[in-house]
Amino acid sequence: MSIGSFSFDVTASGQFPYIIAAILVAFGLYALLFKRNLIKMVIGITLIETGVNLFLVMVGYRSGGAAPIYTYANPGQGMVLPTPQALTLTSIVIGLATTALLLSFAIFVHRHYGTLDVRKIKELRG
Amino acid sequence: MNDRGMSVIVRTVTRFVYGLIIVFGFYVIMHGHLTPGGGFQGGAIVASAFALLLVSFGAAGIKGKLNKKLLQSLEEIGALAFLGLAFAGLGTAFFYNLLAHGGGFFGAAVPAGPNPGILNAGGLVPLMNWAVGLKVMTGIASIVIVMLIGARKEETE
Amino acid sequence: MGGISTGFGVWNPIAWTLLFIGILIIGLFVRSRGNKSYKRGTDQTQPFLSGNREPENPEALHVRGANLYWGMVHGLSGYYKRVRESHTGILNDYVAWFIGALGLVFVILFWIG
Amino acid sequence: MNTLAMHAPVLLVAVPLLGAFAVPLIGKLGRGVRDIFIGLIVAATAALAGLLAAHYFGGAGVPQLYVLGGANGFAIPLPSGLSVPIRILFEVDGMSAFMGLITALVTLTGAYFSFCYWRERSGGNMYYSLLLLLTAGIFGMELTGDMFNFFVFLEITSIAACGLIGFRVWLKKSQEAGFKVMALYTLSGLFVLLAIALLYGQHGALNMAFIASQIGTFGVSIVDKIALGLLLTGLAMKAGAVPMHMWAPDAYGEAPAPTSAILVANSQASLYGLFRVLFTIFGVGASIATNAWILIVLAVLTIFVGVTMALVQNDLKRLIAFGAVSQIGYMLLGVGVGLVRRASILAGGGSLVDSANALDYGFVAMQGGIFHMLNDAACVGLLFLASGAVIRASGTRDLNKMGGLAHHMKWTTIFFVIGAVALAGVPPFNGFASKLLIYQSAFKVSPFLSIIAILSSIMLLAVFVKAFQGAFMGSKTGLPEAGEARPGMLIPMAVLALVVIVFGLFPGFFIDTIVTPAAKALWLGRDAYIGAVLGGG
């Protein structure tokens, strides 16, 4: 399959990164659903984030394309799509902020509750 | 980790490398419009040097050397500078790149094809990189400091 | 002015308010014509508490908010037990609700169309 | 078009953002200077939102486009001749302008209420910084025309909202709420991002109008459907629809009172995103009826569970928070019924233009759902502000420990009653006007929907009777701090109460001027929305 001068790799090895992304998201969801430790849940969230970011980068990949930098590619040479890379970067920055906030909350939850066990942190219920 | 930091080996190596890390971070910020990297990445690298100092010398070791208030003020200044540069193009549109291709300050054109690039190009983009870099390096450094203070209170309680 | 017509009926708040005020005035007028046998300083001014004596502490008379719908909540206890227990306060369960809803939406979207 | 109105969409985001970053520096000059600065920023933002709305509703009536960083259009022509809409756009149509008005109202009153609310306690620069950041994020979500930009603003609101919930680190419950809400917000945000990545992979663009036109041309593919499911669930969760609502009472209940209402506006912004996705991006194609019924099921669950859970709460703010959750259901119900009707019109080959009037039950339901957003923001805002004043006066949030506050705070009592009866849909207040539209049009789809909606409204009145009885009735108590709220707290409440009364007494005027154009923008504005970006029609 190809559009213009680019081609999409539809072979099994070309799909490998997508599978990895799916596995990362699945591991993250597993951690969020079954792990009882707040820190492990934060790790689960960052795993999902990594999976989504990997997916984003892969969406923009075109086999044979150069890095999307103006001064790197020869004139006429194809580049991989720069937009998803910019998106991934933005997403990483946002991920840094959310992770920092979540970990700060975890620190203060531990200070108040004396535990990181999510089953014991349930004053807000019903 | 105690207040006095880690072993002599770590502290000695840290003394050697933290300056290099900071220089490298500034390099990444400076060349953000030409090579991979930019304000956020460079800022994160510089902040990692601060984090390294914190980890190896401990909270007591850096007491009085990294001023949290100053860091936070610099962070706001970085953010305001970024927004101000975005406002500067308001004559045409928000975020309009005033200086690009003007030929003057940061206005050179970069030739196509493999070349080392020209630093004096990119218009407002390098300036914005600096603003973002300032914000990120001080922001992450203050996050690390605040978290360390939080964690230390935890230990003493 | 200011009314809305819904295609099924008309709602005019100004007319409604005027009507409400009119009925209120009529009601007050009817009330004012009533028998004025109310006497101050007698037992008539005392609150009626099913024949019980009024407690010394007036706060004891205040039905606290939590007790107000005791009967109703008791009547619906089967429902409430289930719903309140589903708000467990455990983050894993909240995530599970989200993932479950997501799965259900996918099933509906792909199965029904 | 004058210059200010032209730049208004971006200034609505940039001005609060500027305020958010400048507040910590200005705060060094002293508290008075800082408060004046924040007041100016918030007032300027509200004025800009008003200007934007006046421009759209007062004449233009066509989507207003703003291109970030571009002098010459949004598309960058490639050497191959292909012109890709790559620039970030702000696109303001009736619905965006309407949401802007809601946000302006809530943030204006919330910020001015904060000045007095925090007088003795450490309000801090960070609080105002986060509040302004949240404002900027909400405006961004409502005005942007770019999917990824929408995600960025979504995350900005998430972070700022959780900062506001949890910045009082000495409160045990607020930390718990902060962690839970942040985890769920992040999760829903990541699923939205995944959907955006899928849409980008499928259509090669992030612009909402471009994706919409692609879907209109090529139909809804499997990838689009996965993206639709992810967007629907993720945004419904951020809006607080049952059964993904568990974070909402924690968030609204544990945030400081002035910001609880802004968090409700944040949920409404997610709802706006949901409507934008369902009406504009996936507005034509196969699965509209299915989407509509998903919305209606969510709506019925939200209305019923929200209000029944509110009945058993003993914490004043948590009670109001569950009430606010149930009101989200009415909006979903109105718009869901509208979507059902729209699907049947499109399937039957009817004309959307002919049905965009008060005689078509689908359009009436849309009007009701959209009008209820504004009414809900005003009423819930009023209730949260009044509860803040009550909590300041009584020093507790437990309904079992309060009582007799009507003796001390007459004005607050009046405002609380106005907000409560208006939210419960008692005539002649504004809640009744919008709920009437929803009841009557939902009846056409299924009488069951109307019955649930009316029953829940009655139960909501019972809920507020409980809150009123618990907090205000009873004999005078010897609460140490009891006393009327300060004028600085009463005036924002009075403004909201005025809005409630005026919108209740003249609903026809406001429906004609602002609600109908907003509903039309969703109902038949899809082509105009796409045409404004891509040209043609």
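Modeller: Happy to! Let's start with Phe95(B), which sits in the loop between α3 and α4 (124–156) of chain B; helices here are DSSP runs of H or I with at least four residues, strands are runs of E with at least two, and both are numbered from the N terminus. This is a predicted model, in which local features need pLDDT of at least 70 and side-chain atom pairs count only at pLDDT 80 or more, while totals for chains, interfaces and linings use all residues. Residues are numbered from 1 along each chain as its sequence is written, chains are lettered from A and ligands numbered from 1 in the order in which they are written, and side-chain values use heavy atoms, leaving out hydrogens and water.

Back to Phe95(B): its phi is positive, about 70°, although the residue is not a glycine. Most residues other than glycine have a negative phi, and most peptide bonds are trans. Chain D has cis bonds to show you. One joins Val242(D) and Pro243(D), with omega about 10°, and Pro243(D) lies in the loop between α8 (222–239) and α9 (247–254) of chain D. Another joins Pro427(D) and Pro428(D), with omega about 5°; here Pro428(D) belongs to the loop between α15 (410–423) and α16 (430–445) of chain D.

Now to where chain B meets chain D. The contact (heavy atoms within 4.5 Å) draws 14 residues from chain B and 18 residues from chain D. Together the two chains bury about 1,400 Å², 78% of it on carbon and sulfur atoms; buried area is the accessible area (1.4 Å probe) that two parts lose on being put together, summed over both. On the chain B side, Glu76(B), Leu80(B) and Phe94(B) lose the most area to chain D, together 35% of what that side buries. Helix α3 (residues 68–88) of chain B supplies the largest share of that side, seven residues. By class, the side has 10 nonpolar, two polar and two charged residues; Ala, Val, Leu, Ile, Met, Phe, Trp, Tyr, Cys and Pro count as nonpolar, Asp, Glu, Lys and Arg as charged, and the others, Gly among them, as polar.

Between chain B and chain D there are zero salt bridges (a side-chain nitrogen of Lys or Arg within 4 Å of a carboxyl oxygen of Asp or Glu). There are two residue pairs in polar contact, both at pLDDT 80 or more; that takes a pair of N or O atoms within 3.5 Å, where within protein one must be able to donate a hydrogen and the other to accept it, and residues adjacent in sequence count only if both atoms are side-chain atoms.

Chain C is the other partner to look at. Of the five pairs of chains in contact, chains C and D share the most contacts, whereas chain B and chain C do not touch, their nearest C-alpha atoms being 23 Å apart. The C–D contact involves 47 residues from chain C and 69 residues from chain D, and it buries about 4,800 Å², 77% of it on carbon and sulfur atoms. Zero salt bridges are counted between chain C and chain D, along with five residue pairs in polar contact. Elements giving two or more residues to the chain C side include β1 (4–5), α1 (13–32) and α4 (91–111) of chain C. Of these, α4(C) gives the most, with 13 residues. That side divides into 31 nonpolar, 13 polar and three charged residues.
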